[in-house]
Protein chains: 2
Amino acid sequence: MPHNLLLAFDIGGTKLAVGIAQIAQFRQTGTFDMLVKEPIPSPGTPDVVVQRLMEIGRQLIANANGQLAGIGISIGGPLDHLTGTVLNFPHLPGWLNIPLRQQLSEAFGAPAWLDNDANLGALAEHRLGAGKGADTMVYLTISTGIGGGVIVNGKLHHGVASGAGEMGHITVQTDGPRCACGNHGCLETMASGTAIARRAGHALSAYPERGGVLRQMLGAQSQPTAQQVFAAAAAGDQLAQELWEETAKYLAIGLGSIIHVLAPEVIVLGGGVAQTGEGLLDPVRRNLANHVFYIPLPSIQVLPAALGHNSAVIGAGLLAAERLT
Amino acid sequence: MPHNLLLAFDIGGTKLAVGIAQIAQFRQTGTFDMLVKEPIPSPGTPDVVVQRLMEIGRQLIANANGQLAGIGISIGGPLDHLTGTVLNFPHLPGWLNIPLRQQLSEAFGAPAWLDNDANLGALAEHRLGAGKGADTMVYLTISTGIGGGVIVNGKLHHGVASGAGEMGHITVQTDGPRCACGNHGCLETMASGTAIARRAGHALSAYPERGGVLRQMLGAQSQPTAQQVFAAAAAGDQLAQELWEETAKYLAIGLGSIIHVLAPEVIVLGGGVAQTGEGLLDPVRRNLANHVFYIPLPSIQVLPAALGHNSAVIGAGLLAAERLT
């Protein structure tokens, strides 16, 4: 039987995904023959999670036509992509210096490659999504946090210590609130879903007579979600509109700094907050015109992510597929 | 005779430089056989300047051993490096959409390449200076303005519309003073030589009882230069020390944003303000520790430029040399 199959793993904070695909076809389409998604098994320690990944992977191979050629692995934490070691995965217990690439490679008797979910989301969007064909592309995923990945000259750029693409920690509000990272006024601290919720909570406390529509949506909640802020803004709530516009301003300051460094052809925005689509993209593009002048903005496309939640596991598949062909 | 020679031109706001070199040797050493520097001929219009470049170039060729193979050209303004057109050179009159590459190529009957001085400074520092051997390097030139260049994967990165490397227009002071570009609180507007002088002038007006040492240096001047601020700080003037520390803070915020995007191995600081050497580098490195946490700073070197004023003309020579060999 030919070595024609790849396995793709994505380990998230609450869910895991395992896909199997025919390599050649997958490079063209990003479509898995089978894709299994389920909650992270309790208690989420490395041995339990790896054990479950192995079970699912073996089952998928048993039902597939062919033999395994290689494995791509995505995880949402700091790692060393060269050695394939997960340095830290703070969402789950016990994930410190785990040689995940080696473990899965030995378990399946096939070569494996590891990268983080934001980098692999960038790779997937570049190869098969919104950034297809761009020489230089920047990907941001805006959800509870803000992460990202950088493609230069068609290749994923890692930088020293696999540190490139930490777009959430660009400073956008000088001397602003302290970020979990230690810096002040990071993009993540001003414009992530968590940050929008926090800013909205503060605004509702500070202006008791404002935000009527937003308050109605809250019910017993003490703090609105980013989605509620967006919905209230769309329904005409002025306070929510100001909060949303401010979010777009911070994103535009951050993207402006990225643009002045890299001048990418395409910027792709993904993640939960960006699922508002043009509701976010339109004010971001409008605000960019206040921050970028020397580089013609019409030459830079700001686009919604095309691959949705599956971008990391698709990217993991592509990581393997590109090494194998 | 072999086609063994290259010509390198650098057109600045007040000076021009023309160098001639043996290609193979130049790639190794960056040393010109002859290097002519003189003031821009009056009135500085394109025809007068190009005429003078041709005269000097022909003279250098006449005195050299061999034949011309190609030409590298540096200029300090927005340009299209693909077509070799200078879009605008605001320091001199009449420089709008000048096909400089074509003009010099036809005049000398040899291929020519054009790029801007900051990109070519980056190229020179990467090939022969402080960034030698780095996979990813960022170069900033801090003088009256702030410019720069980006090397990724060993190659100069241009981005769309030749727009990459505009590091002076990263936002470092949200809602700060308006920059000449139109944005507010750009790195150039907070930390260039011009900005340091402006901030020092304001501080001396605002605090009439402070800055004694700095005031003594001023004499009849109304506003100190960046060099005077540095000298006064070194001499113990507290106001000057605060101004200098603030400069380092803004540079660290800007470099922090660059680091979070690219994670370069080496950051090279050149230009007049950076000629203070460790006087600037030491507080910049110290301040970086307040802004960068997720990427280990010991893996990123912040170094002084090694090639001084000649980096642009050396870069122009390398631009030609690398295309020709």
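Two residues are in contact if their C-beta atoms, placed from the backbone, lie within 7 Å. The model shown in these views is predicted.

**View 1. The contact between chain A and chain B.** Chain A gives 39 residues to this contact, and chain B gives 39 residues. On the side of chain A that touches chain B, strand 10 (146–152) and helix 9 (238–262) of chain A each supply at least two residues. Helix 9 of chain A provides the largest share of that side, 7 residues. Sorted by class, the side of chain A that touches chain B holds 21 nonpolar, 16 polar and 2 charged residues.

**View 2. Helix 8 against helix 9 in chain B.** Helix 8 (residues 226–234) and helix 9 (residues 238–262) of chain B have axes that come within 7 Å and cross at roughly 120°. Helix 8 of chain B is therefore oblique to helix 9 of chain B. Their crossing is left-handed. From helix 8 of chain B, Val229(B), Phe230(B), Ala232(B) and Ala233(B) make the contact. Helix 9 of chain B answers with Ala240(B), Gln241(B), Leu243(B) and Trp244(B). By class, this contact has 7 nonpolar, 1 polar and no charged residues.

**View 3. An open sheet in chain A.** Here 5 strands of chain A form an open sheet with mixed pairing, in the order 3-2-1-4-8. Strand 3 (34–39) and strand 8 (112–116) of chain A are the edge strands, each pairing on one side only. On average, neighbouring strands of this sheet are turned by 15° against each other, direction ignored. Strand 4 (residues 67–75) of chain A pairs with strand 8 of chain A in the parallel sense, over 5 bridges. Ile75(A) has Asn116(A) in strand 8 of chain A as its bridge partner.

**View 4. Helices lying across strands of chain A.** Helix 4 (residues 117–128) of chain A lies across strand 1 (3–11), strand 4 and strand 8 of chain A. This helix runs at about 100° to strand 8 of chain A. Helix 11 (residues 311–324) of chain A lies across strand 1, strand 2 (15–22), strand 4 and strand 8 of chain A. Helix 11 runs at about 135° to strand 4 of chain A.

View 5. In chain A, strand 12 (residues 266–270) and strand 13 (residues 301–304) pair in the parallel sense over 4 bridges. Val268(A) stands opposite Leu303(A) of strand 13. With helix 10 (residues 278–288) of chain A, these strands make a right-handed β-α-β unit. In chain B, strand 12 (residues 266–270) and strand 13 (residues 301–304) pair in the parallel sense over 4 bridges. The bridge partner of Val268(B) is Leu303(B) in strand 13 of chain B. Helix 10 (residues 278–288) of chain B carries the chain from strand 12 to strand 13 of chain B in a right-handed β-α-β crossover.

Key. Residues are numbered from 1 along each chain as its sequence is written. Chains are lettered from A and ligands numbered from 1 in the order in which they are written. This is a predicted model: local features need pLDDT of at least 70, side-chain atom pairs count only at pLDDT 80 or more; totals for chains, interfaces and linings use all residues. Two strands pair if DSSP finds at least two bridges between them. A crossover is right-handed if, with the strands pointing away from the viewer, the path from the first strand over the helix to the second runs clockwise. Ala, Val, Leu, Ile, Met, Phe, Trp, Tyr, Cys and Pro count as nonpolar, Asp, Glu, Lys and Arg as charged, and the others, Gly among them, as polar. Axes are lines fitted to C-alpha atoms, for helices over the stretch in contact, and angles run from 0 to 180 degrees between N-to-C directions. Angles under 35 degrees count as roughly parallel, over 145 as roughly antiparallel, 65 to 115 as roughly perpendicular and the rest as oblique. A crossing is left-handed if the near helix is turned anticlockwise from the far one by less than a right angle, and right-handed if clockwise.
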